[in-house]
Amino acid sequence: MLLVLCVDLDDDVGRKTGIETPVVGRDAVESAAVEFATADPEDSDLNVLFEGIHLYDELDRAGESVEVAAVTGIEGSDVAANRAVGVEIDTVLAGLTTGEDVRAIVVTDGAQDESVVPVIRSRVDIDGVRRVVVRQAQDLESMYYTIKQVLNDPETRGTILVPLGILLLIYPLAVIADILGMPGDVFGLASGLLGIYILSRGLGLGDAVDGAVDRARSGLYAGRVTIVTYVVAGVLLAIGGASGLEMLDTVRGGLESATLGATQAVAAVLAGAIHWLAAAGITSSLGQVTDEYLAGRFRWRYLNAPFYILAIAGVIHAVSLYVLGRVSLSYLAAMLTAGTLLGLFSTLAFAIAESRLERGEAPSSA
């Protein structure tokens with residue numbers, strides 16, 4: 001027996017006419033098709049129903065044992081729609097009173113509905129698939145579905161649309177740049193945006209950025225102090241960079257003849273920036289210590305971080321000034337000694353404090 005299955009994956013028939021599916025039998029399918037045509041004569045699923053009736057009549061005239069049925073899915077998720085179609089096919093097969101093997105001819109209106117073919121094949125053998133599309137629109141319909149599938153995929157959507165959007169912005173940016181008297185800057189800006197995006201995709205930085213944004217959002221809602229201290233530290237780092245460059249210009253201006261070497265240039269930048277860099281490090285570390293304390297995970301050893309940063313900053317500052325010839329060797333030695341002692345004393349002090357507090361808490365916890 002041949003079963004002509006008219007598939008409407010998004011249930012246009014049921015939603016627009018109120019007809020309960022599955023619809024089995026030529027007269028029932030024809031009645032549903034006429035009612036559907038009255039409700040929406042432009043819907044492409046209408047062609048599926050009439051094509052199913054047409055195939056039924058052809059096979060019946062050829063002496064084949066044939067039945068026709070219309071099955072539908074649900075609107076929305078393709079997975080849920082496929083499952084709904086499978087359930088209705090089971091109902092149709094259970095209602096066929098025949099001892100013959102049942103084979104199916106599937107009638108659809110395009111590539112989207114054909115995604116249900118594996119579901120049908122798992123229940124009944126398929127002799128063929130008939131796609132019914134208005135002739136002049138067949139290629140257009142297939143292209144539309146392909147584009148729709150591409151745009152529904154977040155991965156593909158981001159890969160294709162973001163670079164395309166940047167390219168389309170070049171012309172309006174060029175117009176704005178020309179008005180502002182900066183016609184050459186727009187191409188550098190556009191190429192820079194494309195380069196950053198391509199690098200982020202190639203290096204897989206998208207997930208890292210999304211994770212950082214999620215952590216920042218959760219930290220903001222949880223009232224974490226580090227959100228504020230990280231912002232302040234970022235501003236301090238920017239100020240430090242500007243201060244370092246200003247120090248570099250000052251050192252260069254003080255030279256009369258000899259050019260500034262690479263080592264001296266680095267030393268000048270560090271000498272001007274190290275104060276701000278140290279302030280940024282101390283600020284961020286204190287924010288982290290505060291959050292650990294509020295979360296009940298505080299350890300005295302965490303307080304070593306600000307002292308370590310201060311000691312390292314003092315050593316770097318002294319070395320930088322010595323390279324620039326602005327301090328003596330004895331000053332450098334004193335700062336190296338002071339930095340080392342500060343790190344050692346902070347480590348010992350907080351280790352002792354932590355061990356004594358732990359011993360003091362042990363009896364009460366027992």
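Predicted model: local features only at pLDDT ≥ 70, side-chain atom pairs only at ≥ 80, totals over all residues.

Let me begin with helix α2 (residues 26-39) and helix α3 (residues 45-61), whose axes come within 9 Å of each other and cross at roughly 155°. Axes here are lines fitted to C-alpha atoms, for helices over the stretch in contact, and angles run from 0 to 180 degrees between N-to-C directions. The two helices, α2 and α3, are therefore roughly antiparallel, on a scale where angles under 35 degrees count as roughly parallel, over 145 as roughly antiparallel, 65 to 115 as roughly perpendicular and the rest as oblique. The crossing of α2 and α3 is left-handed, a term for a near helix turned anticlockwise from the far one by less than a right angle, with right-handed used if it is turned clockwise. From α2 the contact takes in Arg26, Val29, Glu30, Ala32, Ala33, Val34, Phe36 and Ala37, and from α3 it takes in Asp45, Leu46, Leu49, Phe50, Ile53, Tyr56 and Asp57, where contact means heavy atoms within 4.5 Å. By class, the residues of this contact between α2 and α3 are 11 nonpolar, no polar and 4 charged; Ala, Val, Leu, Ile, Met, Phe, Trp, Tyr, Cys and Pro count as nonpolar, Asp, Glu, Lys and Arg as charged, and the others, Gly among them, as polar.

Residues are numbered from 1 along each chain as its sequence is written, and side-chain values use heavy atoms, with hydrogens and water left out.

Stepping back to the whole chain, there are 14 helices and 5 strands, taken as DSSP runs numbered from the N terminus, with helices being H or I of at least four residues and strands being E of at least two. Of the 366 residues, 34% count as buried, that is, under 20% relative accessible area with a 1.4 Å probe and protein chains only, against over 50% for exposed and partly exposed in between. Among contacts between residues at least 6 apart in sequence, 66% join residues at least 24 apart.

Now to the sheet, which is open, with 5 strands in the order β2-β3-β1-β4-β5 and mixed pairing; two strands pair if DSSP finds at least two bridges between them. β2 and β5 (125-131) stand at the edges with a single partner strand each, so one side of each has no neighbour in the sheet. Strand β3 (residues 66-72) has 7 of its 7 residues buried, so the rest of the structure largely encloses it. Val66, Val68, Ala70 and Thr72 point one way from β3, whereas Glu67, Ala69 and Val71 point the other way, and all are buried. In a regular strand the side chains alternate between the two faces of the sheet.

What are the partners of β3? Strand β1 (residues 2-8) pairs with β3 in the parallel sense over 7 bridges, and Val7 stands opposite Val71 there. Strand β2 (residues 23-24) is joined to β3 by 2 bridges and runs antiparallel to it, with Val23 opposite Ala70. Returning to α2, this helix lies across β2 and β3 and runs at about 40° to β3.

The axes of α12 and helix α13 (residues 304-323) come within 8 Å and cross at roughly 170°, which makes α12 roughly antiparallel to α13. The crossing of α12 and α13 is left-handed, and their contact divides into 14 nonpolar, 7 polar and no charged residues.

Ala338, in helix α14 (residues 329-365), is partly exposed at 39%.
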